[in-house]
Amino acid sequence: MGKTLAGKVALVTGGSRGLGAAIAKRLAQDGAAVALTYTSSPQKADEVVLAIEAAGGKALALAADSADVEAVKHAVAETVNTLGRLDILVNNAGVIAFGLIDQFSMDQFDRLVAVNIKGVFVATQEAIRHMGEGGRIIMIGSVSSDSTAFAGVSVYALTKGAIASFTRGLARDLAPRGITVNNIQPGPIETDMNPAEGDFADGLKKITALGRYGQSDEVAGLVSYLASPEAAFVTGANLKIDGGFTA
Ligand code: NDP
């Protein structure tokens with residue numbers, strides 16, 4: 001049986017570590033050629049590319065800070081120039097900063113909005129210029145857009161709430177072109193951003209019905225489904241994968 005994404009090209013923002021690296025590898029395993037962006041970890045990005053190539057796939061690492069409009073535009077253009085087309089965009093790159101509202105600086109606020117919202121807008125606007133029927137926009141939002149388990153994450157939650165709303169509106173905008181738009185909202189997933197042995201880990205595990213962190217590969221499996229032709233009727237959905245964190 002042929003691979004579900006054979007002949008397709010995907011761009012995963014923030015693909016050097018964590019969820020993005022797992023997603024890039026999974027889409028490559030499904031047959032897509034994959035471009036991935038990074039900002040501070042060229043070596044890790046190269047490792048992801050080498051792992052994909054060692055498994056027989058095709059990949060490309062691109063330095064592009066999601067907060068930098070021109071860099072994001074360039075990454076989309078480079079993906080199309082080098083890999084020939086663009087079918088799937090995974091808006092995964094994201095940052096978090098903790099702080100109660102009275103302690104949160106404007107610089108922190110601007111950075112979260114620039115990476116988590118503006119970067120998603122620019123990548124999406126550029127990517128859809130190249131997408132045809134069957135295109136896929138997949139956001140990596142967060143359960144925090146619907147549920148805030150503890151204090152100090154209000155601005156992060158604000159940015160992820162924006163992504164949930166953006167997803168619904170975009171699904172309407174792009175449906176006539178046969179492009180679906182969906183938002184995956186993970187609960188606690190073990191990555192550098194949210195280590196399973198970190199300060200918040202015990203509290204998060206207690207709230208989670210399954211009593212454990214999720215793994216990046218588990219989220220990548222849902223991305224794989226949404227990217228596949230089988231998911232053609234799923235659009236405008238905000239899908240939680242959170243081990244019952246919000247159950
Ligand atoms: P990590 O911090 O482990 O990895 C972040 C990835 O994004 C890295 O590849 C990093 O690149 C890249 N990145 C960070 N900032 C930028 C930027 N400005 N421009 C381009 N790339 C950037 O995070 P996770 O894998 O945990 O998170 C991935 C996404 O999932 C985020 O959107 C996050 O909000 C979301 N999420 C995570 C959850 C979790 O529990 N882990 C839960 C819910 C949502 P580099 O290596 O170069 O720094």
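**Ligand site and an aromatic pair**

A backbone N or O atom of Met 193 comes within 3.4 Å of an oxygen atom of the ligand, which makes a polar contact (a pair of N or O atoms within 3.5 Å). The model is a predicted one, where local features need pLDDT of at least 70 and side-chain atom pairs count only at pLDDT 80 or more, while totals for chains, interfaces and linings use all residues. Residues are numbered from 1 along each chain as its sequence is written, and side-chain values use heavy atoms, with hydrogens and water left out.

For Asn 92, a backbone N or O atom lies 2.7 Å from a ligand oxygen. Asn 194 uses its side chain instead, with an N or O atom 3.0 Å from an oxygen atom of the ligand. Taken alone, the ligand exposes 890 Å², and the protein buries 95% of that (Shrake-Rupley areas, 1.4 Å probe).

Around the ligand there are 32 residues, of which Ser 16, Ser 40, Ser 41, Tyr 156 and Thr 191 come nearest (near: a heavy atom within 4 Å). By class, this shell has 12 nonpolar, 15 polar and 5 charged residues, with Gly counted among the polar ones. Helices, taken as DSSP runs of H or I with at least four residues, feature here too: α1 (18-29), α4 (106-128) and α5 (154-174) each give two or more residues to the shell.

As for aromatic rings, there are 3 pairs (centres within 6.5 Å; planes under 30 degrees apart stacked, over 60 edge-to-face, the rest tilted). The Phe 121 and Phe 166 rings have centres 6.4 Å apart and planes at 45°, so this pair is tilted. Phe 121 in helix α4 and Phe 166 in helix α5 are 45 residues apart, and their pair links distant parts of the chain.

Terms used: A polar contact is a pair of N or O atoms within 3.5 Å; within protein, one must be able to donate a hydrogen and the other to accept it, and residues adjacent in sequence count only if both atoms are side-chain atoms. Rings of Phe, Tyr and Trp (its six-membered ring) pair if their centres lie within 6.5 Å; planes under 30 degrees apart count as stacked, over 60 as edge-to-face and the rest as tilted.
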